[in-house]
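User: I am new to this structure and would like a close look at one part of it, the place where the chains meet. Could you walk me through it?

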Amino acid sequence: MSDTTLSEPTVGEVVRARPSGFFGDLASVASRALRLLPRDLESIIPAILVPLFFLLVTIGAIQNLAGDFVSGLDYKAFQLPVAIMTAVTGMSRANSLVTDISGGYFDRLLMTPVNRYALLLGLMLADLALFIVLAPTGWPPSPGSIP
Amino acid sequence: MRRTYGDVVAVDSLDLEVAEGEVYGFLGPNGAGKSTAVRMLCTLASLSSGSAEVAGYDVASESSLVRLNIGVALQDAALDGKLTGRETLMLQGRYYGLERSAIANRVQELSPLLEMEAIDRRVSTYSGGMKRRLDLAAALMHNPEVLFLDEPTTGLDPISRAVVWEQIRCLNRDLGMTIFLTTQYLEEADVLTHRVGILSEGRLAAEGTPDELKRSVGSDVVMVRVAGDPEAAERAVAAVPGISQTEVYGNEVSAATGDGASVISPVAVALSEAGIEVRDLSIHPTTLDDVFLELTGARIEVEE
């Protein structure tokens with residue numbers, strides 16, 4: 001803070017707002033969501049630990065049984081995508097939308113010319129990107145990769 | 001313009017016009033409908049009936065054009081605590097389609113409002129005053145034509161308030177920005193605004209320049225404390241043209257007048273011609289507080 005006043009915009013370079021287009025809006029919303037993801041550790045860590053726990057528990061408990069019902073079923077290959085889906089859902093930016101709405105930031109977004117659909121689709125795009133990053137961790141589903 | 005929430009009429013048949021380049025102030029007690037009116041004009045709340053135009057565009061049918069041309073700082077700073085100050089401003093710039101270089105320029109131009117040493121810290125670590133100023137800077141990122149400020153200085157310390165006032169004045173004077181603000185502080189309306197509307201229970205109770213409003217409620221008071229005979233002083237003061245009423249309390253004479261500044265010297269002359277020794281002579285001008293109490297207080301009496 002200083003006691004000088006705001007300088008006038010340099011002539012010839014007056015900033016004027018313009019719509020940044022649907023994809024520009026989408027990118028802005030999605031990049032914010034992804035940028036905030038690592039700052040949200042308290043919601044990410046449980047979201048990863050819980051599916052991992054259930055992955056191990058269900059594999060340990062049901063793997064041998066499942067083989068008896070459907071011959072040739074690789075239960076681990078079946079259960080791993082379930083775990084990834086659960087993790088992505090748990091980390092979903094839907095939670096951050098709730099925080100935005102209750103915290104007031106969403107009001108600011110609503111007052112900008114950002115496309116209304118982009119406000120929601122941007123978050124889904126961020127989730128999709130997250131899923132694409134996580135999915136290869138279990139691909140190809142090799143039986144030996146999981147204990 | 002009318003807005004209802006269920007059975008509650010928050011804003012009722014509000015009709016007003018703000019000229020380009022004007023600073024317009026909305027005054028009213030809590031719950032008068034100031035914020036609701038602002039939310040309607042900023043496209044955050046829909047109109048229950050009626051219509052409104054902002055920056056030449058209809059808020060209902062051309063809302064995205066309205067949004068491009070307005071900047072808004074709401075009552076509660078609309079910020080995300082997990083972003084840093086700089087990220088907040090950069091995102092804000094991107095929402096309005098600004099180029100990366102233009103965003104950097106704007107951050108530089110807005111630096112007097114910000115605490116630059118804290119700009120890369122997360123907003124959640126900011127003090128209330130810093131948040132308000134960052135919020136204002138975010139509202140100004142795209143150099144809007146019309147700026148809405150909902151209680152811009154509520155909860156600010158006197159220094160921050162002075163900074164915000166100075167910026168508001170400067171934006172209006174140098175950039176010709178139209179500014180619509182709401183406030184509970186009458187002093188703020190008096191200092192900043194060209195025209196004031198007093199809102200009470202969702203209706204416009206009065207409108208005019210701060211001076212007009214003060215005159216409409218009445219009167220400045222000229223107080224004279226004399227050493228000698230107060231009755232003689234009263235006779236002398238009452239004879240001055242422009243004095244409407246006089247009263248004596250002890251050795252003080254109070255005289256009501258439409259315009260204190262113009263009668264004070266005739267009063268002084270009349271007193272000295274009457275040979276009265278004056279101990280103290282002062283003007284007590286009407287403040288917007290008096291206007292406010294008169295208008296909103298009168299309404300309470302009607303209901304009872």
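Analyst: Happy to! Over all chains, the structure, which is a predicted model, holds 17 salt bridges.

One of the salt bridges links Lys82(B) to Asp40(A), with the closest N and O atoms 3.3 Å apart. Polar contacts can be counted across the interface of chain A and chain B too: 11 residue pairs are found, with both residues at pLDDT 80 or more.

Which helices of chain A supply the side that touches chain B? Helix H1 (21-36), helix H4 (94-103) and helix H5 (105-111) each provide at least two residues of that side. H1(A) gives the most, with seven residues. By residue type, the side of chain A that touches chain B divides into 15 nonpolar, 11 polar and 14 charged residues.

Now step back to the contact as a whole. Chain A brings 40 residues to the contact and chain B brings 50 residues. Between chain A and chain B, about 4100 Å² of area is buried, and carbon and sulfur atoms give 56% of that.

One more feature of chain A deserves a look while you have the model open. Leu41(A), Ile45(A), Leu49(A) and Leu52(A) make a nonpolar surface patch of about 380 Å².

Technical notes: Residues are numbered from 1 along each chain as its sequence is written. Chains are lettered from A and ligands numbered from 1 in the order in which they are written. This is a predicted model: local features need pLDDT of at least 70, side-chain atom pairs count only at pLDDT 80 or more; totals for chains, interfaces and linings use all residues. Side-chain values use heavy atoms; hydrogens and water are left out. Contact means heavy atoms within 4.5 Å. Buried area is the accessible area (1.4 Å probe) that two parts lose on being put together, summed over both. A salt bridge is a side-chain nitrogen of Lys or Arg within 4 Å of a carboxyl oxygen of Asp or Glu. A polar contact is a pair of N or O atoms within 3.5 Å; within protein, one must be able to donate a hydrogen and the other to accept it, and residues adjacent in sequence count only if both atoms are side-chain atoms. Helices (H or I, at least four residues) and strands (E, at least two) are DSSP runs, numbered from the N terminus. Ala, Val, Leu, Ile, Met, Phe, Trp, Tyr, Cys and Pro count as nonpolar, Asp, Glu, Lys and Arg as charged, and the others, Gly among them, as polar. Patches are made of residues with over 30% relative accessible area and no salt bridge: like charges are joined within 9 Å, nonpolar side chains (Val, Leu, Ile, Met, Phe, Trp, Tyr) within 5 Å. Accessible areas come from the Shrake-Rupley method with a 1.4 Å probe; for residues, only the protein chains shown count as cover.
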